[in-house]
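Trainee: Could you walk me through this structure, one feature at a time? I would like to learn how to read each one.

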Amino acid sequence: MSTAAVPALPAEHPLMDGRTAHSPLLRALRGERTGSRAVWFMRQAGRSLPEYRTAREGIGMLESCLRPDLASEITLQPVRRHQVDAAIFFSDIVVPLRLAGVDVDIVPGRGPVLGSPVRTPDDVAALPSLDDVDFTAIREAVALTVSQLGTTPLIGFAGAPFTLAAYMVEGGPSRDHLGPRTLMHADPETWRALTTWAADLSGAFLRAQIEAGASACQLFDSWAGSLSAADYEAHAAPASARAFGHVADLPVPRIHFGTGTSELLPAMHAAGATAVGVDYRLPLDEASRRLGGGVPLQGNIDPALLAAPWEVLEEHVRDVLRRGDSAPGHVVNLGHGVPPETDPTVLTRIVELVHEVPQ
């Protein structure tokens with residue numbers, strides 16, 4: 001019987017030298033229950049932290065993401081403050097677009113804006129080649145971060161191809177995502193070419209982070225909830241599968257998360273994820289049922305309750321924990337990102353509660 005060699009990460013990688021292999025996060029994502037719950041928060045790196053605002057004073061968002069020392073410092077801040085069980089790499093889904101040579105910026109108060117939208121076959125054909133994208137700054141930031149995290153794992157991050165392509169078609173944020181939804185039906189060949197390009201970029205971005213030291217990765221599909229289940233399976237899932245394919249040979253858990261995606265969870269899992277993030281709209285026990293009961297879950301504290309009285313929030317968190325116990329593994333998180341106005345002490349208190357409740 002032949003045995004295929006498992007592709008090796010660098011010997012100094014935290015998974016290879018044992019630093020993070022048995023961490024609560026990795027064990028939960030493998031579907032193991034150890035008595036120790038894992039918790040981290042999406043958008044924990046910054047936003048609500050005063051030290052984040054101080055570090056970024058006078059520095060644009062994209063520049064912050066592309067300065068290794070600053071990106072590393074911002075990634076580490078919530079780990080120091082909250083004692084969470086994972087760091088999430090400080091980045092933005094359009095960072096790889098900038099690295100690839102696409103004219104894009106993050107406009108305060110609005111979000112990512114492209115110099116010109118991508119809507120026609122000629123627009124797609126004119127996109128930069130991905131053969132020579134330089135991820136040096138990303139690799140340096142990851143390596144610097146991992147060197148200071150010790151046994152706490154770093155999660156790599158990228159935007160899912162649908163959301164990335166949707167931004168490109170719209171040229172910026174959108175409420176109804178009508179442009180990309182129209183393009184996928186009106187010109188499916190152009191849509192397929194665009195999402196293939198986006199998938200290869202996101203996949204390469206994830207791989208660079210993992211090779212540099214990330215112990216897990218998350219593909220974030222913030223706009224997938226605008227799609228019907230049929231449209232997602234036909235026009236978005238294949239590209240997500242292609243993105244995950246770039247890292248499928250590496251021994252790291254792969255989380256797939258989207259907002260408004262309660263009806264898409266089985267397809268998101270089938271696209272190549274080993275764990276699925278669930279937003280606040282669907283109870284975790286029902287999410288587990290829809291996924292067949294065998295998939296580790298992440299989520300799903302409602303961010304709206306972070307400003308509620310503690311007794312209300314505590315009851316909600318305990319309910320999330322109980323429902324999460326229906327899955328083979330559960331990573332506690334929010335059902336979306338940390339609102340900027342959140343009191344950081346509330347997040348710290350949630351972490352303490354999660355760590356106190358036996359599993």
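**Reading the model together**

Mentor: Helices (H or I, at least four residues) and strands (E, at least two) are DSSP runs, numbered from the N terminus. Before we go on, note that this is a predicted model, in which local features need pLDDT of at least 70, side-chain atom pairs count only at pLDDT 80 or more, and totals for chains, interfaces and linings use all residues. Residues are numbered from 1 along each chain as its sequence is written, and side-chain values use heavy atoms, with hydrogens and water left out.

Trainee: How many bridges join strand E5 to strand E6?

Mentor: In general, strands of a sheet pair through backbone hydrogen bonds, either parallel or antiparallel. Two strands count as paired if DSSP finds at least two bridges between them. Here strand E5 (residues 154-159) and strand E6 (residues 216-221) run parallel and are joined by five bridges.

Trainee: In what order do the eight strands form the open sheet?

Mentor: The order is E1-E10-E9-E8-E7-E6-E5-E2, with parallel pairing. Strand E1 (38-39) and strand E2 (87-88) stand at the edges with a single partner strand each, so one side of each has no neighbour in the sheet.

Trainee: Which way do E3 and strand E4 run, parallel or antiparallel?

Mentor: Antiparallel: four bridges join E3 to strand E4 (residues 111-114). Valine 104 stands opposite leucine 114 in E4. The hairpin of E3 and E4 has three residues between the strands, and glycine 109 there takes a positive phi near 85 degrees. Strand E3 (residues 104-107) has Val104 and Ile106 on a covered face, and Asp105 and Val107 on an uncovered one.

Trainee: Why is H8 described as largely enclosed by the rest of the structure?

Mentor: Look at accessibility: buried means under 20% relative accessible area, exposed over 50%, and partly exposed in between (1.4 Å probe, protein chains only). H8 is largely enclosed because nine of its ten residues are buried; among them are Phe162, Leu164, Tyr167 and Met168. Just after H8, glycine 171 has a positive phi of about 85 degrees.

Trainee: Where does serine 174 lie?

Mentor: Serine 174 is in the loop between helix H8 (161-170) and helix H9 (178-186). Serine 174 counts as buried because its relative accessibility is 18%. The side chains of serine 174 and glutamate 170 make a polar contact of 3.3 Å. The serine 174 side chain also reaches the backbone nitrogen of aspartate 176 at 3.3 Å.

Trainee: Where is glutamine 359 found, and which residues does glutamine 359 touch?

Mentor: Glutamine 359 is in the segment after helix H16 (344-356). Contact means heavy atoms within 4.5 Å. Not counting residues up to four places away in sequence, glutamine 359 touches Arg33, Thr34, Gly35, Ser36, Arg37 and Asp325. Its side chain and that of arginine 33 are joined by a polar contact of 2.7 Å. Glutamine 359 and arginine 37 are 322 residues apart in sequence, yet 6.7 Å apart in space, C-alpha to C-alpha. At 29% relative accessibility, glutamine 359 counts as partly exposed.

Note on methods
A polar contact is a pair of N or O atoms within 3.5 Å; within protein, one must be able to donate a hydrogen and the other to accept it, and residues adjacent in sequence count only if both atoms are side-chain atoms.
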